Amino acid sequence: MEWTREKRYLKYKDWDAQTLLNLQTQAATSPYQMHYHVHPLSGLINDPNGFSYYNGEYHLFCQSYPFGPVHGIKSWIHFASSDMVHWHYLGQAINPDSELDNAGAYSGSGLVHNGELLLAYTGNHRDKNWIRTPYQVIAKMDKNNKIVKDTNPIILPPEHVTEHFRDPQLFEHNSKYYIILGAQDKDTKTGEIDVYESDDLKTWHEVGYLDFSKEKMGYMIECPNLVFVNDQPVLIFCPQGLDKSIASYDNIYPNMYLVGKNIDLSQAKFTPAQKAPKDLDDGFDVYATQAFNAPDGNAYAISWVGLPDCTYPTDDENWANTYSQVKRLEVKDNELYQHPLDSIKSLRMDHEAISNQAHLKDHTSNQYELKLTIQPDQSGKLFLNADSDLKTGLILDFNTGDSSRLIIDRSNVGPKVNPEYGEQREVLLDLHHELNLDIFVDGSLCEIFINDGKNVATLRFFANPENQTIAFDHDLEYDADFWKMMPIM
Ligand code: FRU
């Protein structure tokens, strides 16, 4: 089917129910579908939005286009959970049905205030000549999950930005309210993070662009996100078009982070503790990660596993993308670590302990966790979701000796996924050290936590669902624990 603009922006009410039901069935029955991660019920999901804790539950909203695997007119859909592992779907949350968001309810965030959850988002408005105005809007959710949108925007685009001005993160800091926004400067056409301040959540004034780097951050910054981790500010952001000499990356657009020494938002000044931004994820497909500071004192993050302007094999099945699991953030020695939640252990079933033998498993069911410790001074290849002859599979090629590194290779496993951005990713490791891997596979999603979360590599891969072998290419010294994972949806 051809996705004309007219079709992508058709009002939701003009789609018929049977079409939506067919799309839901197609997504639910796909062999590539995830079963213990938040995934689309139909169509496409992209950025996580409004990730928060409110009214005794964690809330997560997703950018969604329910009618196909394309970036059509966006809405927010809603999930809630008591442990950030067992999510239940609560339906459409913010629909693109007002004048302010007539071409999409774009990304944003959540803040609990006066017994309500405030959802700050970008109303993507287009006039009849298709000229875009991004309005920053607040919608309020009550304890019955009823959402009412404000009728007036809280922030209009200032003179000095282009139409690219979106993705508000609303938060409280030092007894004031702040909104940070991704922006493109009108004169320089560079990516910026614009800071706004308010005493009362009603009147906002612009503090200015956040001063966080001497370097130019590409032509646009999407989804800026500030959290405090172990008392240090951490800036997570997506600088599109970033020069690779400033920070290296292989994906079409990077999702970067910077750990800070301190931040003075009233002066829009972030003092980095690192020389340059770093990749938040060392895999192939992470973007638009959203984190928040939860009342339990931790910072949690969740990522879109998918990239703008890229296609994926399930587009042919009319659905696209998924989310990572929720990760707990930690800062040690000015580096960001990402950890699986303890609560994900509640999904483990059928434990098996395996050591040293090349062959680990034949029938994984494609929903599993494999935790491995590989001894120092070993090298080899670990095949995941392989056929029994190890002719195809997702390959983790490791060396824990003189040239310590882990290469993740998806060149030989099912249909290619955006091969123009490379089919391998490399993570450098400490020399002569043991290697810890905590690997989560769920259908076509793989998340690899490397050395207790020092690095994480997340990717999609599309192995033949029958290929369920896990094996090394030879015997070596390791200890492994394997669990099947219980489905949540
Ligand atoms: C990032 C992004 C955001 C925007 C949203 C629209 O993936 O482009 O900047 O708000 O997606 O769906």
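Predicted model: local features only at pLDDT ≥ 70, side-chain atom pairs only at ≥ 80, totals over all residues.

User: Which residue in the hairpin of β6 and β7 takes a positive phi?

Analyst: That is W130, with a phi near 65°, in a hairpin that has 5 residues between the strands. On its other pairing, β7 joins strand β8 (residues 147-149) in the antiparallel sense over 3 bridges, and there A139 has K149 as its bridge partner. β7 and β8 also form a hairpin with 5 residues between them, where N145 in the turn has a positive phi of about 60°.

User: How do I judge whether a strand such as β7 is enclosed by the rest of the structure?

Analyst: One counts C-beta atoms, placed from the backbone: a residue is buried if 20 or more others lie within 10 Å of its own, exposed if 12 or fewer, and partly exposed in between. In strand β7 (residues 132-141), 7 of the 10 residues are buried, so the strand is largely enclosed by the rest of the structure. K381, which lies in strand β27 (residues 379-386), is partly exposed because 17 other C-beta atoms lie within 10 Å.

User: Leaving aside its neighbours within four places in sequence, which residues is K381 in contact with?

Analyst: Two residues are in contact if their C-beta atoms, placed from the backbone, lie within 7 Å. With those neighbours left aside, K381 is in contact with I395, L396, D397, F472 and D473.

User: In what order do the strands of the open sheet lie?

Analyst: The order of its 5 strands is β4-β3-β2-β1-β20, with mixed pairing. β4 (87-94) and β20 (319-320) stand at the edges with a single partner strand each, so one side of each has no neighbour in the sheet. The pairing of β1 and β20 is parallel, over 2 bridges, and L44 has A320 as its bridge partner in β20.

User: Which residues come nearest to the ligand?

Analyst: A residue counts as near a molecule if its C-beta atom, placed from the backbone, lies within 6 Å of it. There are 13 residues around the ligand, and Q63, K74, Y106, S107 and E222 come nearest. The elements giving two or more residues to this shell are β1 (43-54), β5 (105-113), β9 (161-173) and β13 (220-229).

User: Into which domains is the protein chain divided?

Analyst: Domain bounds come from an automatic or database domain assignment, and here they give domain 1 (5-340) and domain 2 (343-485). The contact between them takes 32 residues from domain 1 and 34 residues from domain 2. On the side of domain 1 that touches domain 2, β19 (299-305) and β23 (335-340) each supply at least two residues, and β23 gives the largest share, 5 residues. The centres of the two domains, taken over C-alpha atoms, are 30 Å apart.

Technical notes
Residues numbered from 1 in each chain as written. Helix = DSSP H or I, 4+ residues; strand = E, 2+ residues; numbered from the N terminus. Pairing = 2+ DSSP bridges.
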